[in-house]
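I opened this entry to look up how the parts of the model sit against each other. I start between the chains and then go inside each one.

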Amino acid sequence: MSPTTYLADSAQAVLTAILAAGQRVVAPVEQAGLLAFAHVEQAEQAQLIGQTRASAKELAFPRTQRLFGYRFGNPGVELLPGEEPPAPTVLFGVRPCDAAGLAILDGVFGAEPADAPYLARRARITVVGLSCDQPQAHCACTAVGLSPTATDGSDLLLTPLAEGVLVEVLTARGAALVDLLGEALRPGAADKAEVTARAEAAMAPRALPAGLADGLAAAFGEAAWADAAARCLGCGTCAFVCPTCHCFDVVDESNLRGGQRLRVWDACQFGLFTLHASGHNPRADQAARYRQRALHKFSYYPRAHGRPMCVGCGRCVNACPAGMDIFEVAATAAAGQG
Amino acid sequence: MRTETYEPHLMTVAQVRDETADVRTLRLTFTDPALADSFAYRAGQFAFYSAFGEGESVFCIASSPTETGYVECSFKLTGKVTSALRRLSEGDVMGFRGPYGNSFPIDEMVGHNLVFIGGGIGMAPVRSILVNCLDRRSEFGDITILNGARSAADLVYRDQTDAWTARSDVRCVKTVDPGGDSEGWDGEVGLIPHVLERLAPTPHNTKVVLCGPPIMIKFSLISLEKMGFSGEQVITTLENRMKCGVGKCGRCNIGGAYVCCDGPVFTAAQIAALPQEF
Amino acid sequence: MSTETLLTPSAPDTATWKPRLVAFVCNWCTYTGADLAGTSRTEYPANVRIVRLPCSGRIDPHFIIRAFEQGADGVLVSGCHPGDCHYTAGNYHARRKFMVLHALAEFLGIEPERLQFSWVSAAEGRKWADVVSDVVAGLLRVGPVQPTWGGAGELPVRSLSEPPRPVPEPLDVVGELRATAQRWLSDCRVDVFVGYGQGSLPGRLRPAFITSPDEVDQLVWNEHAVNNLATYLTRGLVKRHGRVGLLVKSCDARAVVGLLQERQIEREQVTLLGVPCIGVEVDGALAPKCHTCDSAWPALVDEVLSAEVPLTPVDGEGLAAEIAWVEKMSPAQRRAWWQAQFDRCLRCYACRAVCPLCYCSQCIADQSRPQWVSKSSDGRGNLAWNLVRAFHLAGRCVGCGECTRVCPSNIRLDLLNAKLAQVVRDEFGYVAGGDPDLPPPLTTYLLEDHEEFIR
């Protein structure tokens, strides 16, 4: 059975209805010359054109999250609860690439043994996707098997058409949200194929070579990684703007009275990431670290899950201080092998 | 019962034993008696040990599942958390979460001759499976133990090694690197691979458990191969930095294998098939 | 239970709140003075917690930042009067450091009452009591420290003090650039030539590492040549390749000066090819640093590409105008303005990674024993990190603006750096990146350095 569909006047109108239904909404807004996901109270605050600088993952996987707290007693230690997840939230205007990123994170954090702090936040998020009609130069969703109108990870997907906006109901959570929206949505169907085709045609041609996962694995020992990584300065920008990167560190912050254990974002490009206490580092140089990033996304993960751990948003390419392009490096390394 | 993934159980430090100048063993008991009864693990599994205020460290569980009522860990002083764990004394409270990871395939080891080789602090995971096997002694063939260290002062589980040596149903040898012997040393002198070759255990129907620093593993594997052991017969453990234990934090992988979930126990054959990045 | 109540000794409940003042004092004068106040039974507020150090020169700004991070409402730093230092000059060095830290705190909108400095001698028990009473009274006036460095108001985050300017047509130097690189590589004068190549996105350039004379056609030059390539000098380039040929704009050359001055590279290891530059493009407009750049021609270079450089008068104030704009705000507004930016800091450390002067093999932010800077990307940790970064670059930042260009969160790090560069210029008469033989300003002192900010 195909998903239930509705029509609405515009994405803005759907947002207005969601806010009118009393929902807490996080949507792209313009802040300091960049688009960021932030809490909105009026539909006009949302900026529904363009790509946010950071991905949508932060709502489910925050930069810093308290896992639990503790208070030193005399004697003993008293454990205190972790963070209270934010109120149920509609994450509105999420591009299909970002929504697909959440779907990948759901798989990672949901796999047994599941990650309770992530799931607690994620269970309170309804994702309203918004098809992408203005791809940017760094966009590459079609290269990883997605499209500007892909439905992965969205509970509802809005696709702007000439005659209004098509609303696809993709999950029970999406249907529950639709139930609150009343007359803003009217039953109806439309074909989004033309929109998809137009957006795809506007994208720069980017493709990943066939057999990349195996090609990269075979290229593990190649000297090419050192050349490719020469530019990389080892910051965490690529990982932190990425919708699917999920590596984290766990740290304590404390004083004499107590403290808390926090989960904070971490990145495989940092030298300390894999450093053993003994001083040994399995990924001792930037070449090994860059290789890990490329292989995790395009070899290790796809071999286990049948798809790249990349949604083609291109943020890492756009934001890299040194102009690294993971698609280019991966393709070159795999091709250079043998 | 704990519901959150990362929240540790509170444990009481029941006993503190110094194995060497920088290796200490802590015996931990559950503050929650219900947990003490229900807690179960298998030899080779690891856990996270919390020093509240400083963080968590990962070590294998050094006690055997047959030693009930407590868990033990042995750790070497290396950094912030191990320093803090060393500041604990008997009666203090610390955190523990686990067990995680796979375990030594004890069921596959049944009916085989066994060779246990531990180098330095690598003897800790070996001890867990070794004691487990000794407690089920009749199920196994010949048992050979080789406990090696850089120097006599660095040899862990010294008293237990002497107790194993005294047993008639096992062959137990301790060794130190050349130059590491001190006055009164009554064990072998020589690098583990060399002593191993002198002991010459038969590869026939034998399983080897091998843990220690990377360089020792590397040369021991060469010796074992020379003696006719196949990669499937040699079981070892890998360690990597890790923060979660549940395959999420993304730092312990070697290629597509996560040490926390797919390991820490691997056969030498499995390790040979991984990218050489550890 | 919130983070704050766990980590601060008491929740900032205004009804019951008492200011917590941490005093870092030197052993020889102020501590003895405080002791004298005690033995003389001089009464003063009990809000102060004294931390004794050997010398005011040992009072690292990190102690102060850490004290605030851990919930202090105010910090007092006190040492021997000028001329009285037990170690001769520790307090003169301290005076310079605290001059900069004081200016930084003020620029961030941290109320002046919260960070105070004094000279108290061993004989001045009375003065110690007065200083503490006065500082505590000041803290009572400004109230508890904001529990979180978060929740900014609706303030503009980019000032509009200078309109964006168009980028001039780049000079045509590509032919000569390639020829020079080819000659250097063919003559084995260098083992690698570092310049710019085409990026993978339209209109982007990126660093290119050329090791063979056959590859020089990869080199390009235009207004998108933004990266400061000097950064790579301390990132294993010399170790990997040997002798380095480096293309430098005038701002990049200033960074090379800094590295020479701080002995991070040897002059013989690097051969510099200067490129005359009349401005690069960031975010579609002339980079802010170029507004006030008065030199198309890089200094210190071994060779320079020839070009007709049009005379473009330097007008406007560039970052100085924006600094003035920030300073016009009230301290509370200023704090909110910075707060909104630091809240967005992801701790990706791109600012550190691209900075040619951030070359430490282990950054203080990565240290865990002791952990100076909280690793969490929240108000507390982000403020500490950005303070530490700015302070460490005081008197060292050459203004290449790379940190601001690469910040994925658009934090105006350039303004922090430029403000401290102003302080260093005005107070110590020093401009970073000029003369490789001058001592860096925070490693030296003058007897007549200003100290109006010290009680």
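**Between the chains**

I began with one pair: A:Arg283 forms a salt bridge with B:Glu277, with 3.5 Å between the closest N and O atoms. I count a salt bridge when a side-chain nitrogen of Lys or Arg is within 4 Å of a carboxyl oxygen of Asp or Glu. Across the interface of chain A and chain B I find five salt bridges.

The model is predicted, so I note the limits: local features need pLDDT of at least 70, side-chain atom pairs count only at pLDDT 80 or more, and totals for chains, interfaces and linings use all residues. Residues are numbered from 1 along each chain as its sequence is written, chains are lettered from A and ligands numbered from 1 in the order in which they are written, and side-chain values use heavy atoms, with hydrogens and water left out.

Next I looked up polar contacts. These are pairs of N or O atoms within 3.5 Å; within protein, one must be able to donate a hydrogen and the other to accept it, and residues adjacent in sequence count only if both atoms are side-chain atoms. Between chain A and chain B there are 27 such residue pairs, both at pLDDT 80 or more. On the chain A side, the elements giving two or more residues include β5 (77-80), β11 (248-254), β12 (258-265) and α9 (286-305). Helices (H or I, at least four residues) and strands (E, at least two) are DSSP runs, numbered from the N terminus. That side of chain A divides into 24 nonpolar, eight polar and eight charged residues. Here Ala, Val, Leu, Ile, Met, Phe, Trp, Tyr, Cys and Pro count as nonpolar, Asp, Glu, Lys and Arg as charged, and the others, Gly among them, as polar.

For contact (heavy atoms within 4.5 Å) I get 40 residues from chain A and 34 residues from chain B. The two chains bury about 3100 Å² between them, 54% of it on carbon and sulfur atoms. In chain A, A:Leu79, A:Phe248 and A:Arg261 lose the most area to chain B, together 16% of what that side buries. Buried area is the accessible area (1.4 Å probe) that two parts lose on being put together, summed over both.

**Inside chain A**

I see domain 1 (5-201) and domain 2 (212-336) in chain A; the bounds come from an automatic or database domain assignment. The contact takes 37 residues from domain 1 and 38 residues from domain 2. About 3000 Å² is buried between these two domains, and carbon and sulfur atoms give 59% of that.

The count between them is three salt bridges. I looked at A:Arg263 and A:Asp115, whose side chains meet in a salt bridge at 2.8 Å, N to O. Which element gives the most to the side of domain 1 that touches domain 2? β4(A) does, with nine residues.

**Inside chain B**

Chain B is assigned domain 1 (9-100) and domain 2 (106-237). I note 20 residues from domain 1 and 16 residues from domain 2 in the contact. The domains bury about 1300 Å² between them, 53% of it on carbon and sulfur atoms.

I find one salt bridge between these domains. B:Arg127 also goes on the page: B:Arg127 forms a salt bridge with B:Glu67, the closest N and O atoms being 2.9 Å apart.
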